Amino acid sequence: MESEQPNVSEQLVQLRKARTVCLQDDVYWPRIFEGILPIVKSPTPELRRWGAEFLAETFSTPVVDDARKTDMAIKALDTLVDLIYEKEAESLKFAVQSSASIYPLIFRYICANPKQTNEWQKMGVVKQRILWLWDSGPPGVQVCCIKFVQRVIQVQTPGVSDPRLANKAEISLAAVPTNHPLLPISALEAEAQGLLDRLLGVFHEEPVDPLLVTATLNCLAILIKSRSSISSKILSAVLSFNPLSTAIKNPTPKLKLMARCIENTVRVLLRNLMRTNPTGPHIQRISQYLHRIAQAKAELFDDSSRKRPAIAPPVAQPQDSAKRQKFEPPVPAPTPVTFTGPPTYANLFTLTKDAALTGFDVQQLPLDLVLQITLATFYSINQKTLDTAIQTVRERYTNFLTSPPTPQPPPVLTPQTAPPAAAQPSVPDPNLTAVSTTPPGSPPTIESKPALLALPPPVEEVKVKEDEAEEDEDMEDEYQVGTYRLPLPPYPRDSERIEAACQNVDRMFAVLDQLDNTPLVQRKNRGGLMRVAASTWDKDGWITLIVRLATRGLGACDVEVNGPDGRIQKIPSPVAQHVRERLLAYVLADFRHNCDAAVAWLYEEWYNDAVMKKCQIGEDRMPQYPIWLMKVVDGILPFVEAKDRLIVRFFGEVPELSSEILKKVKVLCLDPDRSPVGIQILLYNVLFRPPVKELCLDLFEDLYRNHKELEGATVKFIRKWRPLALEPAPAPTPPPQIKSEEGAGPSGETPQNQDSADAAQQNPNSTSDGHGQS
């Protein structure tokens, strides 16, 4: 026994090395797989477990293609039949996973080989065993069995009915022939429906097993997306399932956690379906279901998810000095400022007595620093302090508006500025009495006292002030500045206006690079025939604006030039030409994504040409549609590939095709590598465009007659539409015979000469020249 354990360990090391070789180079995988199959039947549990895991990895890896997987699956059927009866749970799980991976491969193999009865019988044995394990196996094995049942249902139900949308790599009941001896379609479909009912029955079982329900929900997503025939049935079962029912009946912590997990899985499944198919028929039902589940979940977990209420602060007691409440310091009321003289903003808003702060010049600080200090102060200020300061400033402002203005103090006279009479102080006359400034009838006030301010000023001082006022008026009149007006800008030249307009056009094209480049055929919302052009500022709206700017907007700015025949002809303006050149560059830069823009542009050009032909201003106008269509075709034809279907669509959607454009298609047909796409362009226009049908048929006939290498590709079209071209050319008819009045022959000969000519035709060896002698 001691010698066996190292032997098993060595074998496991060698097996892991073999697996590493397979992962490094998948070419060796089939050969190593055949060598590992006998090890799966080994009596040692470790070796069997490793072999079963290797089988599951082999059939699930994307490295190996389906053809090699099918060959290995056929060789592994006998091993799987033995392994499916394994009693160890791990090995049994790997066996069921391998069976789920190979069932579609074996099914497709039996569809193509109806005589391989043994392989299908072995697969049937494996299927019956797995269905039995689905009911009585361990929990982990049951989850693997659910995956196997999902594969069986997916294979044994019909896929997409439209062959254009069907995936050729998908395996479904549609691949089974009608008279297949081993695969009766009706029986297989009935079995799939029965397995589906059994799979959906997990939603109605009591008690609910969260492991099986979660595994079932994860498998149903694939069936809903890939099998439309059973998607409604599956969705009805899911929408009728209440994941919170068990927790509502018995709200224990375990059941609440289980209900939360199941509800999360259901919500993820339904939201994924809504995201992948936002316009499906079940979107409204799914939305209502999610809303109901959200409400039920909120009611169920309301008590557990609600935060605990805040604990009331304890009442402070004088005996408890260890825990004291935190009190904010009282907000000091700002000290009112007494207005002296005319009020200023500094006096109005100053709320401090600090002389250093009030005398500081804030203008010395940079503006960004002032903003930072201000914002930081507003973030950290106390609300009560701010309210008190605002109220104080408001009261000051109100008092200033309601109170009379304060008289200005008299100017201080210096010896240099004082007048001569003020140099000596004047002594008041004692005989003069003081004049009271108190109005009559008003009560006496404390401040009512004799004042010298009521005396008239000296005459000299009045004269000095009048002289100064006159001088100020004279200076104002002399230096008074009139109203200044900017001069009109110079009128731009034509070259400058054209350059500015072209720059604006370039900025419009710069906007297109930032928008969505999804083609029209791949968009979910394509609008309709009655949609308004350029109604939304998306890529189509900007393209329409630019195209109509070039065609209709700048159409009135055409330039008149002398044509080659001496007649006056109108050509597009330089700005319109610049817009068209930018459109051409934009289309050719990425034609596959900008094909819709090219078609819209050419349609506008064609329509504008047709409208201008009917107008008087467009009589001498040069049509633009043929010119730019030719440039677009010349730009895209060198890059057309043999399987390029977009070029067929382009030639089918442009409004008009001329013989010159079809000559370009002929060049494409003569290219050996790209002739199929050229033939398809001509065939599409023959079938769906009657105006150019005859031109395309003429081109078909020309290719058939003059190019033998294309005779096989064009003969079926000639036989269908031009059958007369297949008939041999008739012999040339002789010129009409004219009889002379003198009885001459058909060629003006005499009867004797005609007989000689007949004799010469009967005897070619005769030396006679066919003319008789006179």
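E694 is partly exposed, with a relative accessible area of 45%, where partly exposed lies between buried (under 20%) and exposed (over 50%), judged with a 1.4 Å probe and protein chains only. The side chains of E694 and R722 meet in a salt bridge at 2.9 Å, N to O, a term for a side-chain nitrogen of Lys or Arg within 4 Å of a carboxyl oxygen of Asp or Glu. This is a predicted model, in which local features need pLDDT of at least 70 and side-chain atom pairs count only at pLDDT 80 or more, while totals for chains, interfaces and linings use all residues. Residues are numbered from 1 along each chain as its sequence is written, and side-chain values use heavy atoms, with hydrogens and water left out.

- E694 lies in helix α29 and R722 in the loop between α30 and α31 (751-762), so their pair ties together parts that are 28 residues apart in sequence; helices (H or I, at least four residues) and strands (E, at least two) are DSSP runs, numbered from the N terminus.
- Salt bridges that share partners join E694, D698, E701, R705 and R722 into one network, and R722 is itself buried, with a relative accessible area of 18%.
- A search of the whole structure finds 32 salt bridges, among them the one between R548 and E604, at 3.1 Å from N to O.
- That pair links distant parts of the chain, with R548 in helix α22 (residues 539-553) and E604 in helix α24, 56 residues apart; R548 is partly exposed at 31% relative accessible area, whereas E604 is buried at 12%.
- R649 and E653 also meet in a salt bridge, at 3.1 Å from N to O, and because they are 4 residues apart in helix α26 (residues 646-653), about one helical turn separates them.

**Aromatic rings**

- The structure holds 15 aromatic pairs, meaning rings of Phe, Tyr and Trp (its six-membered ring) whose centres lie within 6.5 Å, with planes under 30 degrees apart called stacked, over 60 edge-to-face and the rest tilted.
- W29 and F54 form a stacked pair, 6.1 Å centre to centre with 20 degrees between the planes, and the pair links helix α2 (residues 29-40), which holds W29, to helix α3 (residues 45-60), which holds F54, across 25 residues.
- The ring centres of F33 and F59 are 5.7 Å apart and their planes stand at 80 degrees, so this pair is edge-to-face; F33 lies in helix α2 and F59 in helix α3, and both residues are buried.
- Ring pairs also link Y103, F107, W120 and F148 into a cluster.

**Helix packing and loop**

- In helix α30 (residues 711-721), the residues T714, V715, F717 and I718 are buried, and the buried residues of α30 pack against α28 (675-688) and α29 (693-706).
- S42 is placed in the loop between α2 and α3, where it counts as buried at 13% relative accessibility; leaving aside its neighbours within four places in sequence, S42 is in contact with L47 and R48, contact meaning heavy atoms within 4.5 Å.
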